[in-house]
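Hi everyone, thanks for coming. Let me put the model up on the screen, and then I'll walk you through two spots in it.

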Amino acid sequence: MKVLVLGSGVVGVTSAWYLARQGHEVVVLDRQPDAAEETSFANAGQLSFGMSSPWAAPGIPVKAMKWMFQTHAPLKVRPGTNPAQWKFMLSMLANCNEKSYSINKSRMVRVSEYSRQCINALQDELGLPFEGRKKGLLQVFRTEKQVADAAKDIKVLQEFGVNHTMLNVEESIAREPALARVKDKLVGGLHFPDDQTGDCNLFTKALVKKCQEKGVVFKFNTEIKALVRDGDEIRGVQTDHGLETADQVLVCMGSYSPFLLTPLGISLPIYPIKGYSLTIDVKNDEDAPQSTVMDETYKVAITRFENRIRAAGTAELADFNKDLPKARLNTISESVSSLFPEGGKMESAEFWTGFRPMTPDGTPIIGGTRYKNLWLNTGHGTLGWTMGAGSASLIADLISGNQTDIDSDGLAFSRYG
């Protein structure tokens with residue numbers, strides 16, 4: 001079959017890879033001049049399989065109220081007149097209960113753990129250069145309350161067999177020696193030994209070359225304008241270069257997916273949660289992180305590449321605003337400086353923002369639609385890099401009509417009724 005993949009971020013490119021491996025003719029369309037130029041460009045760099053959790057959690061509404069008055073809050077809201085923003089917030093609030101949190105986290109962990117298996121196998125096969133490390137992830141706690149709150153997540157981790165260990169301060173320092181400088185700020189940590197790190201942009205661009213070797217055609221600088229419907233099928237995709245036809249169409253357009261599907265009567269509950277990152281050069285190796293350290297207080301992930309440190313965080317509801325406020329840079333900088341004061345060269349910082357395609361329940365949308373040849377692999381939020389390989393392998397099997405390696409129940413758009 002011929003499959004059109006719409007979008008060339010990490011989710012789109014990995015989907016193209018698995019579809020091509022199954023023998024399909026694959027064409028990828030994207031408006032950008034190259035792959036991974038938007039949300040996959042400068043994300044946190046963490047493959048946080050064990051840390052996969054929905055943002056909609058019990059207690060978040062109260063925390064959100066407090067964050068409104070904090071300078072370095074992990075969540076910011078710029079209230080606007082866009083109905084989609086208010087609808088998203090109300091839907092997210094509806095998921096902030098124990099039952100929904102447990103269901104949503106279990107779905108996310110299911111996909112993430114499968115993705116860990118997929119990307120390990122993919123790397124064994126291809127050996128892609130993306131400055132990857134397999135040294136785990138350390139979530140650091142600065143208060144005893146944070147330790148107590150982690151107990152809810154640990155129950156789900158145990159249920160799904162996710163490898164993890166609660167650590168005291170000294171044990172945390174043994175995993176990340178540079179934290180010895182700031183041990184008085186810490187009360188403990190949660191370590192995920194199977195989590196990994198790597199530059200998503202480098203990975204995606206390297207995988208594009210492997211896809212091309214398998215015959216995948218990438219058509220960059222191609223604006224996707226509309227899906228052309230013919231009854232209960234999609235006949236093709238209208239672009240600024242003409243009509244592209246195919247047997248199957250897969251939408252992997254992240255935050256922009258709803259614009260394409262709304263005219264077809266499919267209202268995707270995806271909202272562009274704005275995130276920020278800064279990338280700095282390593283100053284002293286012994287004072288820098290060795291893998292990813294997740295600062296629970298600031299909700300900032302600090303990740304080590306080879307000679308760079310990537311720090312990412314802050315969730316902002318501001319529609320598609322691309323401004324780079326100094327206040328957001330200060331929040332991320334504060335987290336890095338407080339944990340690794342001598343680790344990086346702040347004067348070299350490159351500041352970036354991107355839109356994370358978030359669903360109210362945190363779970364990506366993977367599966368079919370009411371149109372028999374239209375498929376979705378989108379809505380991964382902050383976890384497109386983490387879940388990319390797993391969700392791509394799953395959707396490739398679903399499109400091909402193959403038996404899937406994991407249960408796809410609760411992942412498709414149909415879960416929204």
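I'll begin with a helix and then move to an arginine.

A quick word on the basis: this is a predicted model, where local features need pLDDT of at least 70, side-chain atom pairs count only at pLDDT 80 or more, and totals for chains, interfaces and linings use all residues. Residues are numbered from 1 along each chain as its sequence is written, and side-chain values use heavy atoms, with hydrogens and water left out.

So, helix α3, residues 83-94. Helices here are DSSP runs of H or I, at least four residues, and strands are runs of E, at least two, numbered from the N terminus.

Which residues of α3 are buried? They are Gln85, Phe88, Met89 and Met92, where buried means under 20% relative accessible area, exposed over 50% and partly exposed in between, with a 1.4 Å probe and protein chains only. Because these four cover an arc of only 95 degrees around the axis, they sit on the same side of α3; the arc is taken from the directions from the helix axis to the C-beta atoms. The face turned away carries the exposed Pro83, Lys87, Leu90 and Ala94.

Now arginine 142, in the loop between β5 (137-141) and α5 (144-159). Its relative accessibility is 18%, so arginine 142 counts as buried. Leaving out residues up to four places away in sequence, arginine 142 touches, among others, Lys185, Asp295 and Tyr298, contact being heavy atoms within 4.5 Å.

Technical notes: The expected span of a helix is 1.5 Å times one less than its number of residues.
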